Amino acid sequence: MDHAHADHAVRLPLRLAAEPYAKDLSDGAVALGLHCSGTQDVELAMLVDDHGIIAFCSSRLICRRELLSSIVGDSLDRNQIDSSSRWQSETLWLLVRSSTASNTLTWHHFEGQSDTAVPTKIAPRASSMTPAHDAFCARLITDSIRTYYAQQILEPSVRGFLSVLEKQFARGDLYLFELLQNAVDDGAD
């Protein structure tokens, strides 16, 4: 499927470029950036829905071994990570940026234990994918979200907004109370 933003002159971060592809798979799917050590030359993201991790995204075509090494890392005991062992032997979906200047992504998959990703002509359906969901996947997802918001809080506009909030309320917990009171006033249960 063609996406309207795919040919914009501005090269989007992989997470943003992958978002429409996530929505094609499932209404509840989102793209989350992966911040892995040892991957300075490749940008990674993952497509996630309520059932777990559906697929991975990469800024360039990479082999399965490199992908898993970037995700799992060398410091972790791979035998304790169920999803990692599953990702080594089952079909694994990969969305790859078509060129360094483009926001267009193409589907690839690793079949069986193959280390080489094969292009897929037709975009997969969510029903044909088996999401991975275990403690390791949950940690990947929460680490991704935490890293994203840790970076957002450093933005000058956000810092400015937070300083205004700090000046409005004598204590930090009063802001939370005010939010809850506003929700109750609007009819929240």
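1. A quick definition to start: buried means under 20% relative accessible area, exposed means over 50%, and partly exposed lies in between (1.4 Å probe, protein chains only). By that scale, Arg-60 counts as partly exposed at 26% relative accessibility.

2. Please keep in mind that this is a predicted model, in which local features need pLDDT of at least 70 and side-chain atom pairs count only at pLDDT 80 or more, while totals for chains, interfaces and linings use all residues. Residues are numbered from 1 along each chain as its sequence is written, and side-chain values use heavy atoms, leaving out hydrogens and water.

3. Now to the salt bridges (a side-chain nitrogen of Lys or Arg within 4 Å of a carboxyl oxygen of Asp or Glu). The structure has 7 of them.

4. Arg-60 pairs with Asp-41, with their closest N and O atoms 2.9 Å apart. Asp-41 sits in the loop between β1 (30–34) and β2 (44–49) and Arg-60 in the loop between β3 (52–58) and α2 (64–72), so the bridge ties together parts 19 residues apart in sequence. Asp-41 is exposed, at 54%. A network of salt bridges links Asp-41, Arg-60 and Glu-66.

5. Another pair to look at is Asp-115 with Arg-65, at 2.8 Å between the closest N and O atoms. This pair links distant parts of the chain, 50 residues apart: Asp-115 is in the loop between β5 (105–110) and β6 (118–119), and Arg-65 is in helix α2. Helices (H or I, at least four residues) and strands (E, at least two) are DSSP runs, numbered from the N terminus. Arg-65 is exposed at 58%, whereas Asp-115 is partly exposed at 25%.
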